[in-house]
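Dear colleague,

I am passing on the structure below, and after it you will find my notes on what turned up. Please read them with the structure open beside you.

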Amino acid sequence: MFLSQIYNTLNHSMQELAISQILEWNEKSMEHGLALSFEEAKQMLLARYQILEHYSRVELSLEVTRELIEVFSESSFINQEIYAQTLNEMHEIFYYLKNETEDRISDVQVVEVMKNFFEEECEGSLELLRSKAEEYAEDFRRDIQIKEAMTSEDDV
Amino acid sequence: MGYTNDNDFQIGIDPGSMQPKNLKQHQYTISLINEALRTGLLSVQEIINIQNNVMLVLQNLIWRYTQGESSSVTSETAESILTSIIYAVDVYFKGLESPEAALEYLKKSNIHHAHDEGVRMISTLLEESKQLYKVIRTNKLDISVDAYNTTIDEALPIFMKKYEIIFDAPNTMASIDYPLAIDDMKLQGILYIHQYLQRLQLETEFCKLFNIDDLRELLVNYGQVCRFNYQIELFNIYELVLNNAVFAIVSEGSLGQILLSSHQSRYLESKFATMTSDQISHTIHTAIVQLQNGLGIQNAQTKEYMAQSAEVLIKRIIHTVPLHHFHALIITCQEKVTKPISFSLNSDSRMSDLELRKWLAEIAELESKEKKAEFIQTRFFSLVDYLDLFRAGILYDDEYDAIFAFFSDMELAVWARVVFHEASRTDRFDIYSIVQDYKNNEGEEWKVHYIQFMKRLDHERLQSIEQMLQKIDYEEFTYYG
């Protein structure tokens with residue numbers, strides 16, 4: 001969508017500032033031996049921009065990126081080699097879930113759901129996490145439909 | 001917005017002087033930025049700063065919109081909130097003394113403050129609109145024009161209840177069917193509704209200066225002239241009243257008169273035919289002033305509105321008179337014509353049970369017999385539906401009379417065919433004798449009321465009904481009792 005391009009391009013134009021912000025978060029992730037290089041941070045911003053475009057979403061802050069770094073840098077399944085790529089995939093899954101759950105659950109809850117699946121049932125597999133996210137979204141939507149049907153029956 | 005290159009904006013630069021014609025009332029801030037950029041009063045860097053500040057306001061509102069639960073929203077939501085921000089800034093900037101003052105705000109990148117002030121002004125406009133609405137509701141004309149009534153009774157309250165000041169301010173979110181005489185449809189949100197209410201109040205106050213029975217008759221005449229059911233059509237009542245009141249004065253009728261004869265119409269047509277455009281304009285303006293003085297209209301806004309309406313009327317007269325179409329502009333009293341049959345005799349045309357139950361419930365809620373009769377007349381179009389209604393047990397005594405009074409001779413003949421089923425099929429059927437001699441007050445309640453109603457009609461009317469009875473198309477008559 002045209003407008004989302006404007007918003008996200010604008011953020012893109014402020015990427016120097018954004019990159020330095022992401023690099024600041026390295027300080028905390030370094031406690032777990034993980035860090036992003038300047039180039040990786042730049043690539044992550046680009047990937048994030050494309051994901052937002054793809055899902056027709058607008059985000060004017062880096063709150064989600066910060067949350068994903070903070071939560072997933074603690075994972076024992078992620079090492080430095082796959083760190084940057086894993087974060088990019090996490091962005092993709094996060095915004096997929098936001099859309100598929102129709103914005104009915106908070107950012108924190110979405111990250112929590114992802115973290116639980118990743119650590120427990122998926123044991124660090126991104127492929128499994130994607131599959132679990134799809135199942136979760138499907139169940140969530142079905143529950144919404146049931147609730148709405150019950151509400152409309154009550155109204156009648 | 002979204003400017004990235006100085007070179008994109010070099011063509012046609014006229015440093016230092018913004019052209020008022022380039023500032024659009026309906027996209028004020030955006031047009032102001034464009035004009036300031038064109039004239040070099042804003043640099044590209046300043047535009048980028050403005051954009052960034054707008055985005056900060058948007059970011060803040062996204063958090064408020066999601067109640068701090070999400071930092072992202074769908075593009076549609078973001079677009080809606082951004083449009084709402086620009087709308088509020090527009091409201092504030094248009095209230096400043098000059099475009100230059102608004103430009104100063106932009107230069108200082110004080111969009112956040114402009115937005116806050118805009119929201120405050122929108123909130124004030126909403127409160128004013130609620131007060132205006134109360135006045136309109138109290139003074140509402142007691143007439144059977146659906147669009148007028150539903151706009152006041154249903155659409156406007158929905159707007160007042162649902163209007164979203166911060167996140168969706170440009171959305172008018174109401175189905176306003178009733179057309180004003182002069183309307184600015186480019187306005188949106190509360191700016192539109194506020195203006196609509198102001199004008200509706202002026203129009204209603206003006207109409208209340210005339211006799212309500214005359215106004216009702218004017219509406220009936222209008223329906224007959226246009227050959228439609230005026231109750232369900234979209235048209236402006238004030239315009240009809242004003243035009244006829246002006247025509248009454250020009251045709252030497254009395255002040256406050258709105259019911260005009262065909263003689264007055266012919267007189268006016270021949271009078272206008274001999275005039276130049278300027279003379280017609282002068283005549284109408286003079287009549288408007290006479291009307292204002294005679295009716296004691298002091299309100300400057302009403303006078304201005306009438307003057308604007310007069311311009312529309314003048315153009316129409318100038319346009320129609322040479323084409324001999326003046327009669328289309330003036331509503332004259334119509335002779336009482338024999339109404340055609342307005343409901344179907346065919347049982348296939350009946351409404352669904354669900355719809356019937358809905359109407360019956362609404363009829364039961366109505367207070368007066370007149371309202372019930374009018375309601376029924378505009379919603380029941382099948383003989384079978386009428387029978388269902390009559391047998392539903394929701395009508396009492398003179399309510400039947402009010403409904404029968406709406407029926408034409410042909411329609412009453414159809415009912416005679418139903419009530420006097422066997423007798424009506426003979427060649428020697430004398431409806432006057434049958435009705436007068438009918439003693440039986442037993443049987444179905446509606447039939448008893450029908451016969452009592454018929455007894456009160458004069459001999460001449462009954463003869464007319466009897467003649468109609470011979471004209472009924474029995475091929476269409478699929479009701480068998």
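**What was found**

In chain B, which has 481 residues, 31% of the residues are buried. Please keep in mind throughout that this is a predicted model, with an ipTM of 0.88 and a pTM of 0.70.

Chain B contains 20 helices and 1 strand, and if one takes its contacts between residues at least 6 apart in sequence, 72% of them join residues at least 24 apart. Chain A, with 156 residues, is 28% buried and has 8 helices and 1 strand, arranged along the sequence as α-α-α-α-β-α-α-α-α. For chain A, 65% of the contacts with a separation of 6 or more are between residues 24 or more positions apart.

As to confidence, the mean pLDDT of chain B is 86, and 89% of its residues reach 70 or more. Among the elements of chain B, helix 7 has the highest mean pLDDT, at 97, while helix 20 (residues 459–471) has the lowest, at 79. I would ask you to note residues 1–15 of chain B, where pLDDT stays under 50 and for which the model has 18 contacts beyond four places in sequence.

**Helix 1 of chain B**

Helix 1 (residues 28–38) of chain B packs with helix 3 (residues 75–95) of chain B at an angle of about 75°, and their axes are 8 Å apart. Because angles of 65 to 115 degrees count as roughly perpendicular, helix 1 of chain B is roughly perpendicular to helix 3 of chain B. On the side of helix 1 of chain B, the contact involves B:Tyr28, B:Thr29, B:Ile30 and B:Leu32, which meet B:Ile86, B:Val89, B:Asp90, B:Phe93 and B:Lys94 in helix 3 of chain B.

The buried residues of helix 1 of chain B are B:Tyr28, B:Thr29, B:Leu32, B:Ile33, B:Asn34, B:Glu35 and B:Ala36, and they pack against helix 2 (44–65), helix 3 and helix 4 (99–107) of chain B. Just after helix 1 of chain B comes B:Gly40, with a positive phi of about 80°.

**Helix 9 of chain B**

Helix 9 (residues 237–250) of chain B has 14 residues, which at 1.5 Å a residue should span 20 Å, and this agrees with the 20 Å between its end C-alpha atoms. Helix 9 of chain B is mostly covered, with 12 of its 14 residues buried; among them are B:Ile237, B:Tyr238, B:Leu240, B:Asn243, B:Asn244 and B:Phe247. What covers the buried residues of helix 9 of chain B includes helix 6 (146–162), helix 7 (189–207), helix 8 (212–226), helix 10 (262–273), helix 11 (277–295) and helix 12 (300–320) of chain B. Just after helix 9 of chain B, B:Glu252 takes a positive phi of about 60°.

**B:Met410**

One further residue may be worth a look in the viewer. Is B:Met410 buried or partly exposed? Because a residue counts as buried only if 20 or more other C-beta atoms lie within 10 Å of its own, B:Met410, with 19 within that distance, is partly exposed.

With best wishes

Notes
Residues numbered from 1 in each chain as written. Chains lettered and ligands numbered in written order. Predicted model: local features only at pLDDT ≥ 70, side-chain atom pairs only at ≥ 80, totals over all residues. Axes fitted to C-alpha atoms, helices over the stretch in contact; angles between N-to-C directions. Helix = DSSP H or I, 4+ residues; strand = E, 2+ residues; numbered from the N terminus. Parallel < 35°, antiparallel > 145°, perpendicular 65-115°, else oblique. Contact = placed C-beta atoms within 7 Å. Expected span 1.5 Å × (residues − 1). pLDDT = per-residue confidence, 0-100.
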